[in-house]
Amino acid sequence: MPYADFRSDTVTKPTEEMRKVIAAAEVGDDIYKDDPTVNELERLAAELTDKEAALFVPSGTMGNQICIKAHTAPGDEIMLHTDAHIYIFEAGATAALSGVMTRLIDGEYGVMDICQIKARLQPGDMHHAPTRLICMENTHNVAGGTVVPLENMREIYNLAKENDINVHLDGARIFNAATALNIEVKEIAAYCDSLMFCLSKGLGAPVGSMICGTHAFIERAMVIRKMFGGALRQSGILAAAGIYALQTMPPLLKADHDNAQAFASALYGHKHIDIDLHTVQTNMVNVVLKGTSLDGSDVSNLLREKNILVNGDKGSKKMRFVFHRDVTKTQTLEAAEALSALLQS
Ligand SMILES: Cc1ncc(COP(=O)(O)O)c(C=O)c1O
């Protein structure tokens, strides 16, 4: 019996049609800008985000880190949410690769508190590291795939511009945010100077992310991508999947959001589970175990016996279920039932 995999939307596999497009891709050496498929993907990404230019990069982490390095110099300060992916899950790259200080901003549901940002802006006099960049994340992964409202993004962007600070958006799941808000991606991208989005999460491509920004920014990003070892050769093989993903997958994300809702509704009110329904806005459900001796790791092991995969840590009561094109509605409801039953017993 196949596994139902709720660990992440990064586990999606290319469809048959996507594999055909990959096999037929026209390629060239992208370092010479000779790969027509990569060139087309970059054109398409720039168009969708309404930025001047775009660049294909191997991963979301590399995309974020290239942007941070392009915006800053060692000793500068960047501001970001306490639970930002860039801060928690990118292996300390901001310090290692860009030599920047990180100033953390709190905020419920991944929404950075504008008052804290204002109070903590550093002027860059002789004593302080200057605030050079503010990084936002939409949707917000750790908060549970929550959507940062456009009003908050606009406020932060305007404040940044008044203070000559750039804004980067970790938009790994910007298409999920746009789906939830029922708007175009470019309406979100309007409130940042650079952004990264992933092709290899809910959009289902096997590899790759895009950086978008001005021509000058992307020129600089291209040099840093080379420095980081991320400049590829016949990457049209990968870009073809990216184009296919951008052209076909965004309308399908709503089904993943609906599955997340169905899962949360099925478990809401369970005596051993806490779910904050307000956080269930896109394709994730954060579950907190209560009144049970089981931890995330125990539950993960027990569900694995029923062919359900989900991450869970030793000693932690928090678990995250992620919904994507490779889990069906039936698998969603079966997983809710299995989790409910094993916590009853
Ligand atoms: C919000 C966010 N940003 C960036 C990344 C990094 O993407 P990648 O795994 O391609 O490095 C992830 C990955 O899960 C993410 O959730």
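Which residue has a polar side-chain atom 2.7 Å from a nitrogen atom of the ligand? In this predicted model, where local features need pLDDT of at least 70, side-chain atom pairs count only at pLDDT 80 or more, whereas totals for chains, interfaces and linings use all residues. Residues are numbered from 1 along each chain as its sequence is written, and side-chain values use heavy atoms, with hydrogens and water left out.

The residue in question is Asp170, whose polar side-chain atom lies 2.7 Å from a ligand nitrogen. Oxygen atoms of the ligand are also placed 2.6 Å from an N or O atom in the side chain of Thr61 and 2.8 Å from an N or O atom in the side chain of Asn141. Of the 390 Å² of accessible area that the ligand has on its own, the protein covers 83% (areas follow the Shrake-Rupley method with a 1.4 Å probe).

Around the ligand stand 13 residues, of which Gly60, Thr61, Asn141, Asp170 and Arg173 come nearest (a residue counts as near if one of its heavy atoms lies within 4 Å). This shell comprises two nonpolar, six polar and five charged residues, with Gly counted among the polar ones. Helix H3, spanning residues 60-71, gives the most to the shell, with three residues (helices are DSSP runs of at least four residues, and strands of at least two).

Elsewhere, four strands form an open antiparallel sheet in the order E9-E10-E13-E12, where pairing requires at least two DSSP bridges between two strands. Strands E9 (273-274) and E12 (311-312) are the edges, each pairing on one side only. E12 pairs with strand E13 (residues 318-322) in the antiparallel sense over two bridges, and Asn311 stands opposite Arg320 in E13.

Note on methods:
A polar contact is a pair of N or O atoms within 3.5 Å; within protein, one must be able to donate a hydrogen and the other to accept it, and residues adjacent in sequence count only if both atoms are side-chain atoms.
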